[in-house]
Amino acid sequence: MASSSSSSSSSSLHLFLLVSIFFSLLILSHSKAQRSTNFKPNALILPIHRDAATNLYVTEIHKRTPLTPVPFVIDLNGRFLWVNCDHQYLSSTYHAPRCHSSQCSIANTHWCRTCSGSPSRPGCHNNTCGLVSFNPITRRSGPGELAEDVLSIQSTDGSNPGPLVTIPRFLFACAPSFLVQGGTLPTGVQGMAGLGRTQIALPNQLASHFGFQHKFAMCLGGSGVVFFGGGPYMMNPGIDISQSISYTPLIISQQGEYYIGVRSIKINNKPVPLNTSLLSIDRHGLGGTKISSVVPYTVLETSIYKAVTQFFANELSAVPKVDPIAPFGLCFNSTNVGSTRVGPGVPNIDLVLHTDRVVWRIFGANSMAQVRDNVMCLAVVDGGVRNTKASIVIGAHQLEDNLLQFDLTTSRLGFSSSLLFRRTTCGNFNSTSSA
């Protein structure tokens, strides 16, 4: 009997200890969640990487309940975040705002839509606000509904990542599945994360919700990062890029796209003869210089393209030309090109901005593309005669390892020029360790 009583007492003690441990963990978890809820970040980060197959820049954003990492392409000029809701969108916190609601006003949509799908599901409800999503790669658009759901993103102090923070009712668009089909987007990508100057684009929603500066900075590369909020922007080994930024006015189009005022182009410090009227935006919104993260190489209106490639070829006349390789029109035998800290030793290309003293200098690492063994091409393409809205679209290759800061309050662009001069790259932010 004593043995039975002792065994029963031991079991009761064991059960008591298990229950105590369980409730201790529960309290600890609640305490951590409470601290995370109360935490007010000064800045946020999204690590990004270049997809080798498409040369597009991809990030994972945690959304839904339970939180799920969802891959998106970064679209600098995108008007909002849109995601394919037709395929396995599972979330207990999804909500589609009713037509004429305050959320629809914020999103600037006044189109009430109906959906024939039954039963109702994410992306398909009646009497909700319609939003048209756009895929800039395929140039296709498709109707969907305005939606809101949980979004979680990592905080930062500018040097290291911090705890995840959450927006419980982040506004986005549910888009039809055909916008992510066709092999034009990286494998697994479910939508596009728009960073444009609109009310429901990522930068504005994040800054408004957490109350930090309406700024964001983008640093593209094989791996890179998008910062939301002000600096510092620390890159290993301990370099604050925000201390070496030049500024120029940022021009915002009616669609929330980002332009800058290029007044002239120089190669080897010599002015390239151009029709400068093409460098200004006319009353129809045509012309000017746009910045893009989804265009792989800088696109030039035909007359600008011819002037730049001919001038560049003359300045590099000592290097033998070879047959061009699409999409490029000017290629060289790279065995005759030397190497520098900032890439191939070729003439610099200067974009002269609002004054002659403010110049965005493009060095060999950003002006040239190694397309084959011993073949290097000037990384610009012919955009045709007025085939594009902008006369110049600065492409992603020209942006790599350059930090760009978009100040949406003062409408100015900060740019670092090549980080290779500082012996660092966009991949050198410490985005993996925990703070």
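View A. The link is right-handed, at 95° about the S-S bond. It connects distant parts of the chain, with C331 in strand β21 and C377 in strand β27 (residues 375–378), 46 residues apart. Strands are DSSP runs of E with at least two residues, helices are runs of H or I with at least four, and both are numbered from the N terminus.

A word on the model: it is predicted, so local features need pLDDT of at least 70 and side-chain atom pairs count only at pLDDT 80 or more, while totals for chains, interfaces and linings use all residues. Residues are numbered from 1 along each chain as its sequence is written, and side-chain values use heavy atoms, leaving out hydrogens and water.

**View B. A disulfide joins C85 to C174.** The S to S distance is 1.9 Å. The torsion about the S-S bond is about -75°, so this one is left-handed. C85 sits in the loop between β4 (81–84) and α2, and C174 in strand β8 (residues 161–175), so the pair ties together parts 89 residues apart in sequence. Both C85 and C174 are buried.

**View C. C115 and C124 make another disulfide.** Here S to S is 1.7 Å, and the torsion of about -95° makes the link left-handed. C115 counts as buried at 18% relative accessibility, and C124 is buried at 1%.

**View D. Two prolines follow cis peptide bonds.** From T65 to P66, omega is near 0°, and P66 lies in the loop between β2 (57–63) and β3 (68–75). Between A326 and P327, omega is about 5°, and P327 lies in the loop between β20 (321–322) and β21 (331–333).

**View E. N108 has a positive phi without being a glycine.** Its phi is about 55°, and N108 belongs to the loop between α2 (102–106) and β5 (112–113). At 58% relative accessibility, N108 is exposed (exposed is over 50%, partly exposed lies between that and buried). N127 also has a positive phi, about 60°, in the loop between β5 and β6 (128–135); at 35%, N127 is partly exposed.

Conventions. Buried < 20%, exposed > 50% of the residue type's maximum accessible area, 1.4 Å probe, protein only. Disulfide = S-S within 2.5 Å.
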